[in-house]
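The following paragraphs lead through the model displayed below, with each term defined where it is used.

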Amino acid sequence: MLRALIALMLTLSFISTASAQDAPAPDRSATGGAQTLEDIMARQRGEDVDNSFRSGATGDPDSAAGISNQLGTLGGSSDPELWRALRFGSADITASNNGPAATVLVQDGGMKWLLFREGPLATYGGYLLIGTLVLLAAFFLIRGRIKIDGEKTGRKITRFKAVERFGHWLLAGSFILLGFTGLISLFGRKVLIPAFGHETFAFLATGSKWVHNNVSWAFMLGLVMIFVMWVVHNLPDRTDINWLRKGGGIFTSGHPPAKKFNAGQKLIFWSVILLGASISVTGLALLFPFEINMFAATFAKLNSFGISGVLGLGELRETLAPHEEMQYAQLWHAIVSFVLMAIVLAHIYIGSVGMEGAYDAMGSGEVEEQWAREHHSLWVDEVKANESASPQGATPAE
Amino acid sequence: MKAMLVAFVAIAVIAVGSNLILGQVGFSSEDRAAGPSVRLD
(Lines give C-alpha, C1' and ligand atoms only; values in the text may rest on other atoms or scores of the structure.)
Protein backbone atom coordinates (compact mmCIF):
# COMPACT_ATOMS: atom_id res chain seq x y z
CA MET A 1 0.00 0.00 0.00
CA LEU A 2 2.73 2.39 1.12
CA ARG A 3 4.91 1.44 -1.84
CA ALA A 4 2.05 2.09 -4.26
CA LEU A 5 1.44 5.47 -2.63
CA ILE A 6 5.10 6.47 -2.94
CA ALA A 7 5.13 5.36 -6.59
CA LEU A 8 2.03 7.45 -7.25
CA MET A 9 3.54 10.51 -5.57
CA LEU A 10 6.78 10.12 -7.52
CA THR A 11 4.87 9.80 -10.80
CA LEU A 12 2.82 12.88 -10.02
CA SER A 13 5.91 14.87 -9.11
CA PHE A 14 7.56 13.89 -12.43
CA ILE A 15 4.45 14.86 -14.37
CA SER A 16 4.34 18.27 -12.68
CA THR A 17 8.07 18.84 -13.33
CA ALA A 18 7.64 17.86 -16.99
CA SER A 19 4.67 20.16 -17.51
CA ALA A 20 6.54 23.03 -15.84
CA GLN A 21 9.45 22.54 -18.24
CA ASP A 22 7.27 22.24 -21.34
CA ALA A 23 5.11 25.29 -20.63
CA PRO A 24 6.07 28.24 -22.85
CA ALA A 25 6.73 31.60 -21.22
CA PRO A 26 3.32 33.31 -20.85
CA ASP A 27 2.64 36.30 -23.07
CA ARG A 28 2.02 39.33 -20.83
CA SER A 29 2.30 42.01 -23.51
CA ALA A 30 -1.40 42.86 -23.15
CA THR A 31 -0.90 43.97 -19.54
CA GLY A 32 2.46 45.58 -20.13
CA GLY A 33 4.24 42.82 -18.20
CA ALA A 34 1.89 42.85 -15.21
CA GLN A 35 0.01 39.69 -14.25
CA THR A 36 -2.69 38.51 -16.61
CA LEU A 37 -6.10 36.99 -16.04
CA GLU A 38 -4.54 33.60 -16.79
CA ASP A 39 -2.00 34.13 -13.96
CA ILE A 40 -4.79 34.93 -11.53
CA MET A 41 -6.94 31.98 -12.68
CA ALA A 42 -3.96 29.62 -12.42
CA ARG A 43 -3.33 30.78 -8.86
CA GLN A 44 -6.98 30.29 -7.99
CA ARG A 45 -6.82 26.77 -9.38
CA GLY A 46 -4.06 26.16 -6.84
CA GLU A 47 -1.32 25.84 -9.46
CA ASP A 48 2.20 27.02 -8.78
CA VAL A 49 2.71 30.38 -10.50
CA ASP A 50 6.22 31.61 -11.10
CA ASN A 51 6.11 35.04 -9.46
CA SER A 52 9.60 36.13 -10.47
CA PHE A 53 8.22 38.41 -13.24
CA ARG A 54 6.67 40.66 -10.59
CA SER A 55 8.55 39.92 -7.37
CA GLY A 56 11.61 41.60 -8.92
CA ALA A 57 9.68 44.48 -10.53
CA THR A 58 10.03 46.83 -7.60
CA GLY A 59 11.35 49.90 -9.38
CA ASP A 60 14.81 51.27 -9.91
CA PRO A 61 15.84 54.19 -7.67
CA ASP A 62 19.09 54.62 -9.64
CA SER A 63 17.26 55.69 -12.80
CA ALA A 64 14.74 57.90 -10.97
CA ALA A 65 13.68 61.15 -12.55
CA GLY A 66 15.24 64.28 -11.09
CA ILE A 67 13.49 65.45 -7.95
CA SER A 68 12.03 68.50 -9.66
CA ASN A 69 10.87 66.56 -12.73
CA GLN A 70 7.53 64.86 -13.22
CA LEU A 71 7.12 61.90 -10.83
CA GLY A 72 10.60 62.64 -9.48
CA THR A 73 9.35 62.61 -5.90
CA LEU A 74 8.51 58.90 -6.23
CA GLY A 75 12.24 58.10 -6.20
CA GLY A 76 12.19 55.65 -9.08
CA SER A 77 9.52 53.38 -7.64
CA SER A 78 5.88 53.71 -8.57
CA ASP A 79 3.21 52.93 -5.98
CA PRO A 80 2.51 49.47 -7.44
CA GLU A 81 6.23 48.77 -7.37
CA LEU A 82 6.42 49.80 -3.72
CA TRP A 83 3.46 47.58 -2.81
CA ARG A 84 5.07 44.73 -4.73
CA ALA A 85 8.24 45.15 -2.66
CA LEU A 86 6.13 45.02 0.51
CA ARG A 87 4.23 42.00 -0.78
CA PHE A 88 7.38 40.02 -1.58
CA GLY A 89 9.32 41.13 1.50
CA SER A 90 12.08 43.05 -0.30
CA ALA A 91 11.10 46.59 0.77
CA ASP A 92 13.52 48.47 2.99
CA ILE A 93 11.39 49.00 6.07
CA THR A 94 12.22 50.87 9.25
CA ALA A 95 9.87 50.32 12.18
CA SER A 96 9.74 52.04 15.55
CA ASN A 97 9.14 48.78 17.40
CA ASN A 98 11.79 46.09 17.72
CA GLY A 99 11.98 42.41 17.02
CA PRO A 100 12.34 40.29 13.90
CA ALA A 101 8.65 40.40 13.07
CA ALA A 102 8.29 44.18 13.03
CA THR A 103 9.54 44.79 9.50
CA VAL A 104 7.55 42.03 7.80
CA LEU A 105 4.35 43.70 6.65
CA VAL A 106 2.94 41.05 4.32
CA GLN A 107 3.68 37.41 5.13
CA ASP A 108 2.01 35.17 2.60
CA GLY A 109 3.39 31.94 4.12
CA GLY A 110 0.78 32.66 6.78
CA MET A 111 -2.03 31.71 4.43
CA LYS A 112 -0.63 28.21 3.89
CA TRP A 113 -0.29 27.82 7.65
CA LEU A 114 -3.83 29.04 8.30
CA LEU A 115 -5.34 26.71 5.69
CA PHE A 116 -3.35 23.71 6.90
CA ARG A 117 -4.16 24.46 10.53
CA GLU A 118 -7.93 24.68 10.08
CA GLY A 119 -7.98 22.07 7.30
CA PRO A 120 -5.95 18.84 7.41
CA LEU A 121 -4.53 19.41 10.90
CA ALA A 122 -7.88 19.84 12.63
CA THR A 123 -9.65 17.25 10.45
CA TYR A 124 -7.16 14.38 10.62
CA GLY A 125 -6.22 15.21 14.22
CA GLY A 126 -9.87 14.97 15.18
CA TYR A 127 -10.29 11.69 13.26
CA LEU A 128 -7.24 10.27 15.03
CA LEU A 129 -8.64 10.96 18.49
CA ILE A 130 -12.17 9.80 17.67
CA GLY A 131 -10.80 6.73 15.87
CA THR A 132 -8.70 5.84 18.89
CA LEU A 133 -11.71 6.11 21.19
CA VAL A 134 -13.79 3.93 18.84
CA LEU A 135 -11.02 1.31 18.66
CA LEU A 136 -10.69 1.23 22.44
CA ALA A 137 -14.46 0.88 22.83
CA ALA A 138 -14.45 -1.95 20.26
CA PHE A 139 -11.55 -3.62 22.07
CA PHE A 140 -13.45 -3.36 25.35
CA LEU A 141 -16.54 -4.92 23.79
CA ILE A 142 -14.57 -7.80 22.21
CA ARG A 143 -12.01 -8.54 24.88
CA GLY A 144 -13.72 -7.10 27.96
CA ARG A 145 -11.85 -6.21 31.09
CA ILE A 146 -8.58 -8.08 31.50
CA LYS A 147 -9.12 -9.88 34.80
CA ILE A 148 -6.64 -11.26 37.29
CA ASP A 149 -6.59 -14.96 36.22
CA GLY A 150 -5.39 -16.59 39.43
CA GLU A 151 -6.77 -16.42 42.94
CA LYS A 152 -5.99 -13.19 44.76
CA THR A 153 -3.56 -13.56 47.62
CA GLY A 154 -4.57 -10.50 49.62
CA ARG A 155 -0.87 -9.63 49.88
CA LYS A 156 0.34 -6.34 48.45
CA ILE A 157 3.63 -5.35 46.84
CA THR A 158 4.84 -1.76 46.61
CA ARG A 159 5.04 -0.95 42.91
CA PHE A 160 5.55 2.80 42.89
CA LYS A 161 6.83 5.01 45.71
CA ALA A 162 5.03 8.27 46.55
CA VAL A 163 7.54 10.40 44.64
CA GLU A 164 7.10 8.23 41.53
CA ARG A 165 3.33 8.56 41.72
CA PHE A 166 3.70 12.30 42.29
CA GLY A 167 5.83 12.62 39.14
CA HIS A 168 3.37 10.53 37.15
CA TRP A 169 0.34 12.57 38.22
CA LEU A 170 2.18 15.85 37.75
CA LEU A 171 2.77 14.80 34.15
CA ALA A 172 -0.65 13.20 33.67
CA GLY A 173 -2.69 16.01 35.23
CA SER A 174 -0.84 18.71 33.32
CA PHE A 175 -1.05 16.73 30.05
CA ILE A 176 -4.82 16.39 30.31
CA LEU A 177 -5.17 20.12 31.02
CA LEU A 178 -2.83 20.97 28.15
CA GLY A 179 -4.64 18.55 25.84
CA PHE A 180 -8.08 20.04 26.50
CA THR A 181 -6.92 23.67 26.37
CA GLY A 182 -4.89 22.97 23.22
CA LEU A 183 -7.93 21.44 21.53
CA ILE A 184 -10.03 24.44 22.58
CA SER A 185 -7.47 26.75 20.95
CA LEU A 186 -7.32 24.69 17.75
CA PHE A 187 -11.04 24.09 17.28
CA GLY A 188 -12.21 27.56 18.32
CA ARG A 189 -13.04 29.14 15.01
CA LYS A 190 -14.22 26.01 13.23
CA VAL A 191 -16.24 24.31 15.94
CA LEU A 192 -16.65 26.19 19.22
CA ILE A 193 -17.61 29.65 17.92
CA PRO A 194 -20.31 28.25 15.58
CA ALA A 195 -21.57 26.01 18.40
CA PHE A 196 -21.44 28.33 21.43
CA GLY A 197 -21.01 31.83 20.08
CA HIS A 198 -18.30 34.45 20.41
CA GLU A 199 -19.00 35.45 24.02
CA THR A 200 -18.61 31.96 25.41
CA PHE A 201 -15.58 31.21 23.28
CA ALA A 202 -13.87 34.46 24.26
CA PHE A 203 -14.12 33.41 27.91
CA LEU A 204 -12.99 29.84 27.11
CA ALA A 205 -10.11 30.99 24.92
CA THR A 206 -8.75 33.47 27.46
CA GLY A 207 -8.84 30.84 30.20
CA SER A 208 -7.37 28.18 27.92
CA LYS A 209 -4.48 30.39 26.94
CA TRP A 210 -3.65 31.15 30.57
CA VAL A 211 -3.84 27.48 31.57
CA HIS A 212 -1.92 26.25 28.50
CA ASN A 213 0.94 28.74 28.91
CA ASN A 214 1.38 28.33 32.64
CA VAL A 215 0.64 24.63 33.20
CA SER A 216 3.27 23.78 30.57
CA TRP A 217 6.00 24.12 33.21
CA ALA A 218 4.44 21.40 35.37
CA PHE A 219 4.39 19.14 32.30
CA MET A 220 8.07 19.75 31.59
CA LEU A 221 8.99 19.17 35.25
CA GLY A 222 6.96 15.94 35.32
CA LEU A 223 8.60 14.80 32.10
CA VAL A 224 12.08 15.28 33.56
CA MET A 225 11.04 13.53 36.80
CA ILE A 226 9.69 10.38 35.16
CA PHE A 227 12.64 10.24 32.79
CA VAL A 228 15.15 10.35 35.65
CA MET A 229 13.19 7.88 37.82
CA TRP A 230 12.25 5.31 35.19
CA VAL A 231 14.76 5.38 32.36
CA VAL A 232 16.81 2.56 33.90
CA HIS A 233 13.76 0.29 33.96
CA ASN A 234 12.83 1.15 30.38
CA LEU A 235 15.99 0.20 28.54
CA PRO A 236 15.14 -2.49 25.99
CA ASP A 237 16.23 -6.04 26.80
CA ARG A 238 15.71 -9.64 25.66
CA THR A 239 12.43 -10.13 27.53
CA ASP A 240 10.83 -7.47 25.34
CA ILE A 241 11.22 -9.55 22.16
CA ASN A 242 9.36 -12.47 23.70
CA TRP A 243 6.70 -10.15 25.15
CA LEU A 244 6.09 -8.47 21.81
CA ARG A 245 6.05 -11.79 19.93
CA LYS A 246 3.25 -12.99 22.20
CA GLY A 247 1.44 -9.67 21.79
CA GLY A 248 1.68 -9.10 25.51
CA GLY A 249 -0.70 -12.02 26.05
CA ILE A 250 -3.63 -9.71 25.36
CA PHE A 251 -5.52 -12.16 23.15
CA THR A 252 -4.03 -15.39 24.50
CA SER A 253 -4.17 -17.17 27.79
CA GLY A 254 -1.06 -16.96 29.90
CA HIS A 255 1.22 -13.99 30.40
CA PRO A 256 4.68 -13.51 28.94
CA PRO A 257 7.23 -12.76 31.68
CA ALA A 258 8.20 -9.11 32.19
CA LYS A 259 10.33 -7.03 34.48
CA LYS A 260 9.13 -3.82 36.19
CA PHE A 261 7.93 -2.50 32.83
CA ASN A 262 6.86 -4.76 29.97
CA ALA A 263 7.61 -3.94 26.31
CA GLY A 264 4.23 -2.24 25.87
CA GLN A 265 4.88 0.04 28.80
CA LYS A 266 8.37 0.74 27.50
CA LEU A 267 6.86 1.85 24.20
CA ILE A 268 4.53 4.19 26.09
CA PHE A 269 7.45 5.49 28.15
CA TRP A 270 9.64 6.29 25.16
CA SER A 271 6.71 7.79 23.25
CA VAL A 272 5.97 10.08 26.18
CA ILE A 273 9.64 11.03 26.60
CA LEU A 274 10.47 11.64 22.93
CA LEU A 275 7.17 13.14 21.78
CA GLY A 276 6.84 15.03 25.08
CA ALA A 277 10.33 16.51 24.63
CA SER A 278 9.47 17.53 21.06
CA ILE A 279 6.24 19.15 22.25
CA SER A 280 8.12 20.91 25.05
CA VAL A 281 10.79 22.36 22.75
CA THR A 282 8.28 23.64 20.19
CA GLY A 283 6.11 24.85 23.07
CA LEU A 284 9.02 26.89 24.44
CA ALA A 285 9.53 28.37 20.97
CA LEU A 286 5.86 29.42 21.03
CA LEU A 287 6.05 30.76 24.60
CA PHE A 288 8.99 33.00 23.69
CA PRO A 289 8.08 34.11 20.16
CA PHE A 290 10.97 34.56 17.70
CA GLU A 291 13.58 33.68 20.36
CA ILE A 292 14.04 29.99 19.54
CA ASN A 293 14.29 29.27 15.82
CA MET A 294 14.98 25.67 14.96
CA PHE A 295 13.09 24.74 11.82
CA ALA A 296 15.44 26.33 9.26
CA ALA A 297 18.36 24.50 10.94
CA THR A 298 16.40 21.23 11.07
CA PHE A 299 15.42 21.52 7.41
CA ALA A 300 19.08 22.14 6.48
CA LYS A 301 20.06 18.95 8.37
CA LEU A 302 17.28 16.95 6.68
CA ASN A 303 18.49 18.22 3.30
CA SER A 304 22.17 17.48 3.92
CA PHE A 305 21.47 13.94 5.16
CA GLY A 306 19.17 13.35 2.17
CA ILE A 307 16.27 12.50 4.49
CA SER A 308 13.93 15.03 2.88
CA GLY A 309 14.63 13.43 -0.52
CA VAL A 310 13.87 9.94 0.77
CA LEU A 311 10.59 11.16 2.26
CA GLY A 312 9.66 12.72 -1.08
CA LEU A 313 9.64 16.26 0.33
CA GLY A 314 12.20 17.56 -2.15
CA GLU A 315 14.66 20.24 -1.13
CA LEU A 316 13.31 21.92 2.02
CA ARG A 317 13.71 25.68 2.43
CA GLU A 318 16.67 26.57 4.61
CA THR A 319 15.81 30.26 4.98
CA LEU A 320 12.56 30.97 6.79
CA ALA A 321 10.86 34.22 7.75
CA PRO A 322 10.53 34.70 11.54
CA HIS A 323 6.80 34.09 11.27
CA GLU A 324 7.33 30.87 9.34
CA GLU A 325 9.50 29.53 12.16
CA MET A 326 6.60 30.15 14.53
CA GLN A 327 4.09 28.64 12.12
CA TYR A 328 6.11 25.45 11.71
CA ALA A 329 6.57 25.32 15.50
CA GLN A 330 2.81 25.55 15.99
CA LEU A 331 2.05 22.87 13.39
CA TRP A 332 4.66 20.44 14.68
CA HIS A 333 3.54 21.12 18.28
CA ALA A 334 -0.04 20.22 17.34
CA ILE A 335 0.76 17.21 15.13
CA VAL A 336 3.00 15.57 17.75
CA SER A 337 0.46 16.40 20.47
CA PHE A 338 -2.31 14.63 18.55
CA VAL A 339 -0.15 11.50 18.25
CA LEU A 340 0.74 11.60 21.94
CA MET A 341 -2.89 12.18 22.93
CA ALA A 342 -3.93 9.08 20.97
CA ILE A 343 -1.21 7.01 22.67
CA VAL A 344 -2.12 8.36 26.10
CA LEU A 345 -5.82 7.54 25.56
CA ALA A 346 -4.81 3.90 25.13
CA HIS A 347 -2.60 4.18 28.22
CA ILE A 348 -5.46 5.64 30.30
CA TYR A 349 -7.76 2.85 29.07
CA ILE A 350 -5.46 -0.01 30.05
CA GLY A 351 -4.59 1.64 33.37
CA SER A 352 -8.23 2.09 34.39
CA VAL A 353 -11.24 0.20 32.98
CA GLY A 354 -9.16 -2.02 30.70
CA MET A 355 -7.37 -4.10 33.34
CA GLU A 356 -8.31 -5.25 36.80
CA GLY A 357 -5.75 -4.28 39.42
CA ALA A 358 -3.74 -1.94 37.19
CA TYR A 359 -4.98 1.33 38.68
CA ASP A 360 -3.70 0.42 42.17
CA ALA A 361 -0.13 0.83 40.90
CA MET A 362 -0.66 4.56 40.50
CA GLY A 363 -3.47 4.93 43.07
CA SER A 364 -2.11 3.58 46.32
CA GLY A 365 1.14 2.33 44.82
CA GLU A 366 0.41 -1.13 46.32
CA VAL A 367 -0.56 -3.88 43.89
CA GLU A 368 -2.09 -7.32 44.46
CA GLU A 369 0.71 -9.89 44.43
CA GLN A 370 -1.20 -12.18 42.06
CA TRP A 371 -1.63 -9.29 39.56
CA ALA A 372 2.07 -8.55 39.78
CA ARG A 373 2.94 -12.24 39.25
CA GLU A 374 0.82 -12.39 36.13
CA HIS A 375 1.95 -9.15 34.52
CA HIS A 376 5.44 -8.58 35.88
CA SER A 377 6.67 -12.00 37.01
CA LEU A 378 10.40 -11.23 36.73
CA TRP A 379 9.96 -8.01 38.71
CA VAL A 380 8.14 -9.87 41.52
CA ASP A 381 10.99 -12.40 41.67
CA GLU A 382 13.43 -9.49 41.98
CA VAL A 383 11.41 -7.82 44.75
CA LYS A 384 11.10 -11.13 46.65
CA ALA A 385 14.83 -11.83 46.27
CA ASN A 386 15.63 -8.37 47.65
CA GLU A 387 13.20 -8.84 50.54
CA SER A 388 14.76 -12.13 51.56
CA ALA A 389 18.26 -10.66 51.21
CA SER A 390 17.41 -7.81 53.59
CA PRO A 391 14.49 -8.87 55.79
CA GLN A 392 12.30 -6.08 57.11
CA GLY A 393 13.28 -4.81 60.55
CA ALA A 394 16.87 -5.94 60.18
CA THR A 395 19.33 -3.31 61.30
CA PRO A 396 21.72 -2.43 58.51
CA ALA A 397 25.38 -3.11 59.36
CA GLU A 398 27.32 0.03 60.02
CA MET B 1 -4.36 8.79 46.03
CA LYS B 2 -2.57 11.34 48.23
CA ALA B 3 0.32 11.60 45.77
CA MET B 4 -2.16 12.30 42.99
CA LEU B 5 -3.88 15.11 44.91
CA VAL B 6 -0.55 16.63 45.94
CA ALA B 7 0.55 16.55 42.29
CA PHE B 8 -2.66 18.31 41.18
CA VAL B 9 -2.12 21.00 43.83
CA ALA B 10 1.50 21.30 42.62
CA ILE B 11 0.25 21.89 39.06
CA ALA B 12 -1.89 24.79 40.29
CA VAL B 13 0.97 26.25 42.37
CA ILE B 14 3.44 25.95 39.46
CA ALA B 15 0.95 27.58 37.08
CA VAL B 16 0.30 30.57 39.36
CA GLY B 17 4.01 30.86 40.18
CA SER B 18 5.14 30.72 36.56
CA ASN B 19 2.57 33.33 35.64
CA LEU B 20 4.01 35.68 38.26
CA ILE B 21 7.63 34.99 37.36
CA LEU B 22 7.23 35.08 33.57
CA GLY B 23 5.68 38.52 33.74
CA GLN B 24 8.85 39.84 35.31
CA VAL B 25 11.68 38.23 33.34
CA GLY B 26 11.46 40.63 30.43
CA PHE B 27 10.00 38.40 27.75
CA SER B 28 6.58 40.02 27.44
CA SER B 29 5.67 41.36 24.00
CA GLU B 30 5.92 44.86 25.43
CA ASP B 31 9.47 44.31 26.68
CA ARG B 32 10.64 42.54 23.53
CA ALA B 33 8.98 44.57 20.80
CA ALA B 34 8.37 48.09 22.06
CA GLY B 35 10.95 50.84 22.46
CA PRO B 36 11.04 53.67 25.02
CA SER B 37 9.20 55.92 22.59
CA VAL B 38 6.18 53.60 22.53
CA ARG B 39 3.48 54.05 25.14
CA LEU B 40 1.29 50.99 25.66
CA ASP B 41 -0.34 51.60 29.06
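Chain B contains two helices and zero strands; helices are DSSP runs of H or I with at least four residues, strands are runs of E with at least two, and both are numbered from the N terminus. Along the principal axes, the C-alpha atoms of chain B fill a box of roughly 55 × 15 × 10 Å. Of its 41 residues, 12% count as buried, a residue being buried if 20 or more other C-beta atoms, placed from the backbone, lie within 10 Å of its own.

The model is predicted: local features need pLDDT of at least 70 and side-chain atom pairs count only at pLDDT 80 or more, whereas totals for chains, interfaces and linings use all residues. Residues are numbered from 1 along each chain as its sequence is written, with chains lettered from A and ligands numbered from 1 in the order in which they are written.

For chain A, an unreviewed UniProt entry places the feature "transmembrane region" at residues 121–142, 166–187, 217–236, 267–288 and 328–350; such annotations may be inferred rather than shown by experiment. Residues 121–142 of chain A are 100% helix, with end C-alpha atoms 31 Å apart. Residues 217–236 of chain A are 70% helix and 0% strand, and their end C-alpha atoms lie 29 Å apart.

In chain A, the axes of helix α7 (residues 188–230) and helix α9 (residues 263–287) come within 10 Å and cross at roughly 145°; axes are lines fitted to C-alpha atoms over the stretch in contact, and angles run from 0 to 180 degrees between N-to-C directions.
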